[in-house]
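Please read it alongside the sequence and the structure shown here.

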Amino acid sequence: GTLVDALHATGGAIEALLRQGEKEHRSLLRPHPIVLDRAWYFETLLPALAKEVVRFLQPRTPVPADELLQFLGPSRKCGATLRRLPDTETKLVTLSRQLLHSILPHMLTLQHRVRYGLLPDDLEP
């Protein structure tokens with residue numbers, strides 16, 4: 001989907017944040033994006049990821065973009081429009097928030113690299 005594409009997009013805002021995080025020893029880019037500092041994720045990466053999710057949600061819900069950003073971002077404020085949404089749209093927005101605040105931070109801290117000691121470290125796939 002759009003969020004995974006944004007994480008892997010070359011030259012995008014999220015890649016720039018991940019590269020800066022790598023310089024500050026807060027993230028890794030190889031073998032895949034890995035977040036080493038959860039506080040950095042919530043302070044720096046979450047707002048950029050929230051913007052990507054808002055772009056996905058905009059055509060699917062009548063909530064203004066700034067209100068969605070407040071709800072999905074670090075402030076987590078629920079605006080007046082969000083309180084009046086139908087059930088299906090409420091579930092979509094709430095699931096997006098859970099994705100950004102709990103599922104994605106957990107997944108990005110996992111290292112999916114199996115090491116059997118068969119290849120030297122300088123040979124990366």
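Of the 125 residues of this chain, 34% count as buried. The model is predicted. The chain has six helices and two strands, and from the N terminus on these elements run in the order α-α-β-β-α-α-α-α.

**Surface and contacts**

- The chain exposes about 8000 Å², and carbon and sulfur atoms supply 56% of that area.
- Among contacts in the chain with a separation of 6 or more, 51% are accounted for by residues 24 or more positions apart.

**Nonpolar core**

- In soluble globular proteins, nonpolar side chains tend to be buried together.
- The largest nonpolar core holds 24 residues, of which Tyr41, Leu45, Leu72 and Leu100 touch the most other members.
- At least two residues of this core come from each of α2, α3, α4 (65-72) and α6.
- The element that gives the most to this core is α3, with 10 residues.
- Leaving aside neighbours within four places in sequence, Leu45 is in contact with Ile14, Leu17, Leu18, Val35, Trp40 and Leu108.

**Packing of α3 against α6**

- The axes of α3 and α6 come within 10 Å and cross at roughly 140 degrees.
- Because the axes cross at roughly 140 degrees, α3 is oblique to α6; the cut-off for roughly antiparallel is over 145 degrees.
- The crossing in which α3 passes α6 is right-handed.
- On the α3 side, the residues that meet α6 are Arg38, Tyr41, Phe42, Leu45, Leu46, Leu49, Ala50, Val53 and Leu57.
- Their counterparts in α6 are Leu92, Val93, Ser96, Leu100, His101, Leu104, Pro105, His106 and Leu108.

**Packing of α3 against α4**

- The axes of α3 and α4 come within 9 Å and cross at roughly 135 degrees.
- This angle makes α3 oblique to α4.
- Here too the crossing is described by its hand: α3 passes α4 in a right-handed crossing.
- From α3, Leu46, Ala50, Lys51, Val53, Val54 and Leu57 meet Ala65, Leu68, Leu69 and Leu72 in α4.

**Individual residues in the helices**

- Leu49 lies in helix α3, which covers residues 38-57.
- Leu49 counts as buried because its relative accessibility is 0%, and the cut-off for buried is under 20%.
- Leu49 and Leu72 are 23 residues apart along the chain, and their C-alpha atoms are separated by 9.2 Å.
- Ser96 is found in helix α6, which covers residues 87-108.
- With a relative accessibility of 9%, Ser96 also counts as buried.
- Not counting residues up to four places away in sequence, Ser96 touches Val53, Leu57 and Leu72.
- Val53 and Leu57 are among the α3 residues that meet α6, and they are also among those that meet α4.

**A loop residue with positive phi**

- His25 is placed in the loop between α2 (13-23) and β1 (27-28).
- Phi of His25 is near 65 degrees, a positive value in a residue other than glycine.
- Most residues other than glycine have a negative phi.
- His25 is exposed, because its relative accessible area is 67% and the cut-off for exposed is over 50%.

How values were computed. Residues are numbered from 1 along each chain as its sequence is written. This is a predicted model: local features need pLDDT of at least 70, side-chain atom pairs count only at pLDDT 80 or more; totals for chains, interfaces and linings use all residues. Side-chain values use heavy atoms; hydrogens and water are left out. Helices (H or I, at least four residues) and strands (E, at least two) are DSSP runs, numbered from the N terminus. Buried means under 20% relative accessible area, exposed over 50%, partly exposed in between (1.4 Å probe, protein chains only). Contact means heavy atoms within 4.5 Å. Accessible areas come from the Shrake-Rupley method with a 1.4 Å probe; for residues, only the protein chains shown count as cover. A nonpolar core is a set of buried Ala, Val, Leu, Ile, Met, Phe, Trp, Tyr and Cys residues joined through side-chain atoms within 4.5 Å. Axes are lines fitted to C-alpha atoms, for helices over the stretch in contact, and angles run from 0 to 180 degrees between N-to-C directions. Angles under 35 degrees count as roughly parallel, over 145 as roughly antiparallel, 65 to 115 as roughly perpendicular and the rest as oblique. A crossing is left-handed if the near helix is turned anticlockwise from the far one by less than a right angle, and right-handed if clockwise.
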